Each structure stands twice: as structure tokens, then as C-alpha cells.
Amino acid sequence: MGKFKPALTSKRWKPSSEEELIDIWLKEKTYAFNPDSGRIIYSVDTPPPYLSGHVHLGQMLHYTQIDMIARYRRMQGLEVNFPLGVDRNGLPVEIRVEKEFGMSMQTTPREEFIAKCKEQLDKYQIEVTDAFKRFGVGYNTYDPDGSYQTDSPRYRALTQATFIDLWNRGLIYTDYRPNNWCFECGTTIADAEVEYAERDSTLNYLYFEVEGLKPLEIATTRPELLCACGAVFVHPEDKRYRKYVGKKAKVPLFDFEVPIIESPTAQMDFGTGALMVCSYGDMADVMAFRDFALKPIAAVSPDGTMTEAAGKYAGMPVAEARKQIIHDLKEKGLLVKQEPTVQRVPLCWRSDTPIEFIAMDEFYLKQTDFVDDLRKIASETPFYPPHHRQILLDWIDRVSVDWPISRRRFYGTEIPIWYCNACGEAVVPEPGELRYYQPWREDPPFDKCPKCGASEGFRGEERTFDTWMDSSISALYVTGYLRNPELFEKAFGNVIRPQGKDIVRTWLYYSLLRVYQLLKQPAFKEVWVPGLVVDENGVKMSKSRGNSPPPGPFIEKYGADAMRLFGVLEAGLGSDIRFSEERLAGVARFMTKLWNIARFVSMFPIPEPIDFKDLTAVDQWILAEANQMVETILPECEMLDFHKPVIEVRRFTWSFFADHVLEMLKGRCFNSDGQFSEVEQRSGWFVLHEVLRIILRALAPITPFITDKIYRELYNDGGIHREPYPSVNESWASEMTAHTELLLQVNRAFWKYKREASISLRQGLPEAYVPKQLEPWSKDLQAMHGIETIHFGTPKKKSGLVQLSLEESTESVFVSPPETGDDA
RNA sequence: GGGGCGGUAGUCUAGCCCGGCCUAUGACGACUCGCUUACACCGAGUAGAUCACGAGUUCAAAUCUCGUCCGCCCCA
């Protein structure tokens, strides 16, 4: 109609318009962090993504969910500290460089190798940063100065400073002991970095000769470790071997004798029930050697070949030695039989290759002394969802050895230690200074050995830290620990840790440990652990599985808002999110709907605010309904779970506001035949805008683009993201809400009647009777359905009237049909 | 082998903790009809579920207990 033109001109929301908003946000610094605002600081300790390759969809959905929390908290009036961080330390990039460029770490000069790693990381960093931007992740800034990188001198200085602190408190020590060793990475790794997978293997049955008895049959998957055999175990209740216990068994091929010992760790039903125990075969072997004080023999060397102990097999790679030994056993008739079996093998989670136990000198950080304290912290810190706390508790209960923190790699934070050339004493720099040390290339910041007093120079430590030593203090870094005491004072203690459940035993556990050791305080105010993003088949999306598509094409087609909304709509917090393009497309339709609702509302002027009591009864009822919607969603939002809130907002927006309220107020807001007073008309205008504003703000954290766009066009040039989140308004109440459901049913009855009677929706009805509870809607109902004369209650004479029954009510609606034939 | 979480229409999901109002919510998809003062990427409607299986507790079970099977994740 000529008089009312929509302020939003485009008929449809275009995902491409999201990009303009990204520029506006950057320009206006919409999400900037101002520690001096006087508001309470709320810090998000986001997982700094590890840069090892291209971004993937699962990863991005995960970050958008974290972003929703930050946005929600900001709208609640908190000063949100949400820095962009990236993790760049560690193995994956090194391995990639070695593979892709054929640069071996052992033969390439350290500087050169590091430079190549940096170059690769920079490339990936741009990609990941762009993706975050495109998905609308509202970090405080995308300026490199405002973000952090775990390999920056500033970050590494903090890692080193905290290490020096722990060193001086005596929490660090060195020891020579078997550890998980990854040949691919050439370094020791921690238990937390070991994963297990099932692999096909062969179980070999061998003869161990025993004096005076029949040879003992023993099954093993690792015959190459024969030379390291320290004992044979049989189960105490195993009758078959009772007479062997206490005797000596002769190790085939190597001809030395080992004791036969009773141990419940031998499984009677596996293999022959008799088990050979080799030094460093697996963790159980390591324990067994310790328990029985057996002398360990290292069979495998750190480069993956057999040691001298293997005799004629020395120098062979493990796999080749195994083949050769099996061959020799066969020849000598010592191999009874072979059968296929499935074995759980430990793998390095970074390189996915099998690990071995190898003894090396490494630095350890004490952790076993802290498990009780950590268990307490884990029990007291709020978890969202609460049941994910169990993952952490289970891990804490399993911690039994200290944390090996040194790594024989280049691309990591250097261990800040120098060794005195005179006495060999390990010396760390003075505490207190936030400075980045590189002992492999720098002189120490001291020239006298504190122990022997000599000034004969120092040798710098060459090893680096486990990368978790860096990332486990991210919460301290982002709150300014040691760097900005004023900020730290205000910010620490109100930090949320959002993260995936796959890194609970590493990142979360280590963070709690480190912060507790340094400050004797819990690291986090709250911990938020969502489900995994899985593919159509329910399998975890990961780069290595190749089941995680690049997000680009989906963004282009559906937009970031749709993808964000999809992630929330698909599952409650803690449940896995199953990706499906079909369903994403369905979700995207809500964007169009919301846009068109706003477009319709934008036809009407925005009147001066009107007091609630001066609105029409129907308009009061609409606000009361909106109020109830807000009341429903807030408790769930507080649980940091937007799944149900967003379903509720969508229901309210689409099935109530659009389908019923807009249809009902159309007549009054246009008022083209002047049936309504100007006061009534303005009341309608006001309510439409008021409700739209509530809907937009409720959705702003979820779909930041479309809501901001509409808000800027209609209400506020500054956008929506600094506006308050909707809250409950006690005075917005109406008794009419008791009859809402009845009203909706009456509307449906009219629509259904017209459809079934093939009457146009615009066609009027001469007369209608509706339930008397709906009397307050009288005028708007007339306008909505074109009822010339409306009555309330049941008609006395029903002749000439059509009765329309309602779905969930005993009440009925009666209408008199319009004149049939050729209607005007 | 142990632990955690789960198994609800073709698909996904709510409800389950705190049994009855569940003849089970919502969405996607399917089907039928419809251009109606924004929206056909729409509207109105229809169909579709023995709530994995078996047993038990109970006046009453999707919901509690036990067992079985299946899936995913984690651990030894």
C-alpha cells in the first residue's frame, strides 16, 4: 500500500551481506576489551587452535559456540576479555616441515628449521584467522598486537618464568626412566599424549625350555623383545603351571635363563596363559620390572633399531628384527604356531605412529603430590554440562607418574637452563624478570656458577618443553599474569574455560595443575565442555579421518548465521552435533523468515515509547507473551546452553509472532478503512517494534549478523551487540495469556474452514460466534478474519450456521457462510 | 577387559534426574491444498513412533531397577 513502505528494501537476507558487517565491526571495534570500563571483567580462555593445517568445519562450529557465550556475557553487561590466540608450538608443524620439505631436524641447522616452521605457521594462521572472522567470532581484536601466539617471545617468556618459579620451589627434577617414546617425533611424550588403536597382529607361540620339565609354551606378539626378557609370569591360580613356578626358563635363541614367577597380571585365557615379561614392552612390563626388581635390558634404541643387547639383530629396525627372529625360531623348531590377533597398540597422538618405552634422561614436573588438591578443585568448579566433570575426575584418578616435560625437538619453548662447564650444575636465571631465553644460542644472564663459583662458561640446554607447558598457562597469559599486575588483579578468578572433551586430560588437567602449583587457586570460575562435531555417520570429525569438509562452500551458500544456528539447534550442550547439509538448509530458512518479519514490521513508523498501561488490551497481551518467552529462556542461557532457548525463540517468532500476531495486527496497523482509532493504531506499531527488538536481542549472540543488520537499519546505528540481553519485565502481565492457546485454535479453525470451503482468505464472513473468553480480542479478530458481526458464546439458533470444532477444546466456533455464487 | 554417554517416526531432537496431564515435543524430509496488504527459501493441513530388546518394581513406566544387544567416546 502506498502509505507504508518497508524500510528494509531487500526481499531476502543475503549471506553475502555478512561480509560488510565484518568490516563494520572491525572498524567500529565493536568487541574491543576495555579493562578500565569499571565493569566486571569476564575472561574467556579460548582454546588457541593448533596450526597444523587447513581449518575444518567441526573446529569452526566449536568456536562459534564459544563465541555465543562471549556475546551473551557482553550483552549481560560484563566486560568481556576474549582474545584471539593461536597455538604454534610443538610437533605437528615440525613433522610437516620434515615431510613436505624433506628437511630432517637432525641434519638441518636449528635456525633454518625454525624459520621454515614459522613460515608454514604464518600461512596457516592467516587461513584460520580469516575463517574465525568469517564465522563472526567476536574476538576483542584481530589486530596481531592484541592477539597472542604461544611461540611469541612474550608468551614463551611467561612459560619460562613459571618454570623458573617451579624449579626454585623444587617441583622439577630429572630422572632416567622408561617413557613413551615416539620414533617419528624423536622425543619422549607424556601419558596424556598417548592414544590407543586396534591393529592386526600375529601371536607367536614359542618354546621356552625348562630343566626337567616339558618346554613351556609362551605366546607373544613381540618376539623381537626376547633379548630383553626378564621373567615369565603365570597366574597363581593356573594349575597347568604350578610345578613350573620358581624354576628357570631358557629364553630361545638367546639362551639365558629367567625366573618363572606367579603374578595375577598373567591372563589365564590369553595365549597359553604364560606370559613373557620384557623390559619396556609396555607400561605393565615397566611396572612388573619395578615390582620384582628385575634388571632392565634396553632392546630398542631411540632411533628405532635394535641395541647391542639384541646380539646378531643389533642395528636392525624393529620390524625387520621381528621378521628375522621369527624366521630363525622357525628354523630351530622353537616356533610352535602362529595365529592372527588384534592388539591394542599405543600411538603418539600427534604423529599417529606406535610408541615404545625407552629410558631417557628427562625433566619431570611433580604432579602425583597434587592429585588430591586437583580432585577437590575438579569437584568444586562448575561444569557445563555437569556430567562432563567425570572425564576429568577419571583422568585425575589415573595419574600415577610425574609429568615428563622435556622434549627433544626444536620448535618449542626452550628450557631455560645452562650447565656449568666446571661442575656441571644446572643453573636457571634469576626469577622475576619476564624475559625469553634461548640457551642453545645465547650466553646465560650470569657468568658465575652459584655452586662452584667458577667462571668457566656454560653449556646451554638444547631441549624444549612439552607444548602443554605453554598452553597450560593460557588462562594466566590472557589475564596478564606477571605482565600486567593491575589487569591480573581484576581479571583472574573470573575466567571461563571452554574446550572440547577430547583435551580434558591434557589441556584442562594441566591448566588446573599449573595454576594451582603457581597460585594455590583454581584456574577457572567455570568450565564448559560441549559435545563433539560428528559427521553424517556419527563419527568424530577430524582432520586425520578426512571426514571434515572445508567450511567455505557452506558459508557461501548458507551464511555464517545459518551455520551457527544449525550448531545450536542440532543438539543440547554436551551432546554430539551431527552435521548434515540437508538440515543446515532447513535452518537457513529461518534467516529468510526473520528478515521478512523485520521487513514487514519496518513498514510502520516507530512511535514514541508508550506506557504499558496505555496500550490496547491485545497489545498488553502480546508483550506479556514476549515476557513469558524471555522468562523461559533465561535459566537455560545461564547454564550456557542455548539449544532450548533458541528453539523457544524460534517458536515464539515464527509460530506465534509471525503467524498470529502479525496477521492479527495487520488490519489495525494499516487501518486502511479507518476502523481503528489513531491511538489503537500507534499502540500496534509500538508493540510490533518492541517485540521485534526483543527477538533480535535474544538471538544476537547466536546469529550476530542478521540481527545486527536489522538493528542498525531500524533502531540503532551502533548496532545490537552492546545492547542489553532481554530481561523479564515484571509489570508486563496480562490475564489474557490464559486464553492464548484457545485463540490460536480459533484462528486455525477459521483458516481451515475457509480453505475447506474454498473461500478466499480475504473473503469476509457475515457473522461468527467465538468462545466468550476471547471477547477482549473482539475488534482485532473481526479485522483478522473479516467478520462483519461478531458474537461471543454459543448461538441460540444454530440453523444456517456452520459449527467448527476446535482441536483441544470443548468450545466451538460458529460461522455463517458468505453468499455463495459469484462473490464480489 | 574397565569406564562414560547414548539407542524416541525416513533423519535429527525434546521429555527421562523429580513415574501419572505422553492417545510422546519440535524441526528437516514426504504428501495434499492454497499467491492471503512481509515472506512460495511462504501459508494451512495430512500421514508417519509397539519410546532398542527382555524381565522386574508399581494402581500407573519412554521415565525407576536388572539383564541382553547395538553405537560413539575415553581408558587399561
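Select Val802 and Val815 to start: Val802 stands opposite Val815 in strand 29. Strands here are DSSP runs of E with at least two residues, helices are runs of H or I with at least four, and both are numbered from the N terminus. This is a predicted model, in which local features need pLDDT of at least 70, side-chain atom pairs count only at pLDDT 80 or more, and totals for chains, interfaces and linings use all residues. Residues are numbered from 1 along each chain as its sequence is written, chains are lettered from A and ligands numbered from 1 in the order in which they are written, and side-chain values use heavy atoms, without hydrogens and water.

**Stop 1: around strand 29**

Show strand 28 (residues 802-805) beside strand 29. Four bridges join this antiparallel pair. Strands count as paired if DSSP finds at least two bridges between them. Strand 26 pairs with strand 29 in the antiparallel sense, over three bridges. Within that pairing, Ala768 has Val815 as its bridge partner.

Colour strand 29 (residues 812-816) by burial. Five of its five residues are buried, so strand 29 is largely enclosed by the rest of the structure. Buried means under 20% relative accessible area, exposed means over 50%, and partly exposed is in between (1.4 Å probe, protein chains only).

**Stop 2**

Pick His785, in helix 22 (residues 778-785). Is His785 buried or exposed? It counts as buried, at 2% relative accessibility.

**Stop 3**

Select strands 6, 5, 14 and 16. They form an open sheet in the order 6-5-14-16, with antiparallel pairing. Strand 6 (187-189) and strand 16 (403-404) are the edges, each pairing on one side only. Focus on strand 5 (residues 172-182) and strand 14 (residues 355-365). Eleven bridges hold this antiparallel pairing. Look for Pro178, which stands opposite Ala359 in strand 14.

**Stop 4: RNA strand B**

How many residues surround RNA strand B? There are 41, and the closest are Tyr196, Arg344, Arg505, Arg589 and Trp654. Of the RNA atoms that come within 4 Å of the protein, sugar and phosphate account for 64%.

Colour the surface by residue type. It divides into eleven nonpolar, seven polar and 23 charged residues. Nonpolar here covers Ala, Val, Leu, Ile, Met, Phe, Trp, Tyr, Cys and Pro; charged covers Asp, Glu, Lys and Arg; the others, Gly among them, are polar.

Which helix gives the most to this surface? Helix 18 does, with eleven residues. Helix 9, helix 16 (581-601), helix 18 (643-670) and helix 21 (740-756) each supply at least two.

Arg398 has a side-chain N or O atom 2.9 Å from a sugar or linking oxygen of RNA strand B. Thr592 places a polar side-chain atom 2.9 Å from a base oxygen of the RNA. For Asp659, a polar side-chain atom lies 3.4 Å from a phosphate oxygen of RNA strand B.

**Stop 5: rings and charges**

The whole structure holds 41 aromatic pairs. Rings of Phe, Tyr and Trp (its six-membered ring) pair if their centres lie within 6.5 Å; planes under 30 degrees apart count as stacked, over 60 as edge-to-face and the rest as tilted. Select Tyr139 and Tyr142. Their ring centres are 5.8 Å apart and the planes are at 70°, so the pair is edge-to-face. Both Tyr139 and Tyr142 are buried. Next, select Phe4, Phe600, Phe604, Phe670 and Trp685, which form one aromatic cluster.

Move to Lys337. Its charged end sits over the ring of Tyr205, 4.4 Å from the centre. A charge sits over a ring if NZ of Lys or CZ of Arg is within 6 Å of the ring centre and within 35 degrees of the ring normal. Arg483 lies over the face of Tyr477, 4.3 Å from the ring centre.

**Stop 6: backbone details**

Finish at Tyr384 and Pro385. The peptide bond from Tyr384 to Pro385 is cis, with omega near -5°. Pro385 is in the loop between strand 15 (383-384) and helix 9 (389-398).

Conventions: Near = heavy atom within 4 Å. Polar contact = N/O pair within 3.5 Å; in protein donor to acceptor, adjacent residues only side chain to side chain.
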